Amino acid sequence: MPWLALPYADRDRKASLSKKFKVSGIPTLVILDPSGNVITKDGRTQIDGDPEGANFPWVPPEVKDVLGTEFMSKEGKTVTLAELEGHHIAVYFSAHWCPPCKTFTPNLGKVYSKLKEKGVKFEIIFASSDKNEAEFNEYYKEMPWLALPYVDRERKLKLSQKFGVTGIPCLVVLGPDLEVVNPNARNRVSNDLDAEEYPWGAKPLINLDEDPSNINDYVSVLFVKGEGMDEGAAKA
């Protein structure tokens with residue numbers, strides 16, 4: 001390697017950096033600006049896609065730049081982003097071959113229908129991880145919402161990278177200003193089929209039985225309560 005390194009003996013600093021940047025696997029390349037602010041935690045993917053460094057320092061694009069302005073409807077018509085002004089938008093990363101997706105998609109459909117019946121300005125855009133267009137077409141028959149055209153693989157890839165999608169199903173909820181309301185509302189929606197907590201933003205108190213996914217992202221206080229717990233056990 002032609003670059004600098006931490007001294008191997010400095011294990012504490014290496015551990016602190018891994019914790020700081022939430023490194024869960026290697027190789028990981030975190031890119032910082034001259035002030036030490038994070039530009040991207042996914043430098044590996046950026047370099048793999050840009051080995052000549054043409055886009056250095058790989059500043060992530062804005063949501064509006066990767067979401068695009070045109071989507072397809074069930075009828076094959078084009079729906080523009082301008083037509084969705086004032087809507088909450090959920091980008092649904094899914095595929096027909098994914099067993100959890102097959103369970104979640106019908107539930108999401110029920111929630112979508114209830115919100116539409118109430119006149120809520122909400123739309124879903126399907127971003128397919130299917131292996132080919134035939135599979136996409138078959139799976140999309142089960143969905144009442146919009147989709148990215150399957151042939152637009154580059155846009156789907158950029159959306160996955162932008163939102164850090166590492167598994168499916170994943171439901172990224174955006175506000176009318178395209179700011180992220182929830183980076184993955186899958187569990188929240190699964191436990192809220194009446195859509196009473198729509199648009200599933202951050203909660204000050206989370207039931208870990210319902211959604212433990214973000215516990216490592218924040219400083220958390222765990223409150224444990226159990227019937228029959230004696231005073232000594234409670235203090236322990």
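A search of the whole structure finds zero disulfides, a disulfide being defined as a pair of cysteine sulfur atoms within 2.5 Å. Cys 170 takes part in no such bond, and the nearest cysteine sulfur, that of Cys 101, is 9.9 Å away. Cys 101 is buried, with a relative accessible area of 0%, and Cys 170 also counts as buried, at 5% relative accessibility. Here buried denotes under 20% relative accessible area, exposed over 50%, and partly exposed the range in between, with a 1.4 Å probe and protein chains only.

The model is predicted, so that local features need pLDDT of at least 70 and side-chain atom pairs count only at pLDDT 80 or more, while totals for chains, interfaces and linings use all residues. Residues are numbered from 1 along each chain as its sequence is written, and side-chain values use heavy atoms, with hydrogens and water left out.

The secondary structure of the protein comes to eight helices and nine strands; these elements are DSSP runs numbered from the N terminus, helices being H or I with at least four residues and strands E with at least two. Buried residues make up 32% of the 236 residues in the protein. Of the contacts between residues at least 6 apart in sequence, 55% join residues at least 24 apart, where contact means heavy atoms within 4.5 Å.

Strand E8 (residues 170-174) is mostly covered, with five of its five residues buried. Cys 170, Val 172 and Leu 174 point one way from E8, whereas Leu 171 and Val 173 point the other way. In a regular strand the side chains alternate between the two faces of the sheet. E8 runs antiparallel to E5, to which five bridges join it; strands are taken to pair if DSSP finds at least two bridges between them. Within the pairing of these strands, Ile 89 stands opposite Leu 174. E8 also pairs with strand E9 (residues 180-182), in the antiparallel sense and over two bridges. Leu 174 has Val 180 as its bridge partner in E9. The hairpin of E8 and E9 has five residues between the strands, and Leu 178 takes a positive phi near 70° there.

Leu 81 is found in the loop between strand E4 (78-80) and E5. Its C-alpha lies 4.7 Å from that of Thr 69, although Leu 81 and Thr 69 are 12 residues apart in sequence. With residues up to four places away in sequence not counted, Leu 81 touches Leu 67, Gly 68, Thr 69, Phe 71, Ile 89 and Leu 178. Glu 123, in strand E6, is buried with a relative accessible area of 8%. Beyond its neighbours within four places in sequence, the contacts of Glu 123 include His 87, His 88, Tyr 112, Lys 116 and Trp 145.

Aromatic pairs were assigned to rings of Phe, Tyr and Trp (its six-membered ring) with centres within 6.5 Å; planes under 30 degrees apart count as stacked, over 60 as edge-to-face and the rest as tilted. By this rule the count comes to 14 aromatic pairs. The ring centres of Tyr 92 and Phe 104 are 5.7 Å apart with the planes at 65°, so this pair is edge-to-face. Because Tyr 92 lies in strand E5 (residues 88-94) and Phe 104 in helix H4 (residues 99-117), the pair ties together parts that are 12 residues apart in sequence. Both Tyr 92 and Phe 104 are buried. Phe 136 and Tyr 140, by contrast, form a stacked pair, at 5.5 Å centre to centre and 15° between the planes. These two residues both lie in helix H5 (residues 133-140), four residues apart, about one turn of the helix. One aromatic cluster includes Tyr 92, Phe 104, Phe 136 and Tyr 140.

In H5, Phe 136, Tyr 139 and Tyr 140 are buried. Seen down the axis of H5, its buried residues fall within an arc of 95°, so they line one face of the helix; the arc is that of the directions from the helix axis to the C-beta atoms. The cover over the buried residues of H5 includes strand E3 (70-72), E5, H4, strand E6 (122-128) and strand E7 (146-147). The relative accessible area is 2% for Phe 136 and 6% for Tyr 140.

Charged groups also sit over rings, a term applied if NZ of Lys or CZ of Arg is within 6 Å of the ring centre and within 35 degrees of the ring normal. Lys 74 lies over the face of Tyr 140, at 4.4 Å from the ring centre. The charged end of Arg 11 is placed over the ring of Tyr 8, 4.1 Å from its centre.
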